[in-house]
Amino acid sequence: SWGGVSKMQSAQCGTCKHYRGDRKCDAFKRLIPKKVFLGHFDHKNPYPNDAGIRYDPVDNLPIWLREE
């Protein structure tokens with residue numbers, strides 16, 4: 001349940017090479033935590049139970065979407 005929270009994913013998840021769609025990625029055994037998925041946490045930093053896997057942009061990411 002989302003508890004009324006918007007289901008819009010973060011740009012970080014949508015541009016990460018570990019993202020598998022449907023709120024799933026290689027970093028988390030189950031669903032991506034809401035805080036990460038909604039962009040309220042920068043997943044370039046460690047997050048509990050992320051298996052040491054962090055945000056890693058896809059190789060063909062347009063320059064205007066890249067984070068510094």
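Q: Why is D42 called partly exposed?
A: In this predicted model, D42 has a relative accessibility of 32%. Buried requires under 20% and exposed over 50%, so D42 falls in between and counts as partly exposed.

Q: What makes the contact between D42 and K44 a salt bridge?
A: The side chains of D42 and K44 meet at 3.8 Å, N to O. The cut-off is 4 Å between a Lys or Arg nitrogen and a carboxyl oxygen of Asp or Glu, so this pair qualifies. K44, at 37% relative accessibility, counts as partly exposed.

Q: Why is D50 called buried?
A: D50 has a relative accessibility of 5%; the limit for buried is under 20%, so D50 counts as buried. Its side chain forms a salt bridge with that of R54 at 2.9 Å, N to O, and R54 is partly exposed at 25%.

Q: How do you know that D56 and K17 form a salt bridge?
A: Their side chains meet at 3.6 Å, N to O, and the cut-off is within 4 Å. D56 lies in the segment after α2 (34–37) and K17 in the loop between α1 and β1 (19–21), so the pair ties together parts 39 residues apart in sequence. K17 and D56 are also linked with D59 in a network of salt bridges.

Q: What makes M8 exposed?
A: M8 has 65% relative accessibility; exposed means over 50%, so M8 counts as exposed. M8 lies in the segment before α1 (11–14), and touches F37 and L38, leaving out residues up to four places away in sequence.

Key
Residues numbered from 1 in each chain as written. Predicted model: local features only at pLDDT ≥ 70, side-chain atom pairs only at ≥ 80, totals over all residues. Heavy atoms only, no water. Helix = DSSP H or I, 4+ residues; strand = E, 2+ residues; numbered from the N terminus. Buried < 20%, exposed > 50% of the residue type's maximum accessible area, 1.4 Å probe, protein only. Contact = heavy atoms within 4.5 Å.
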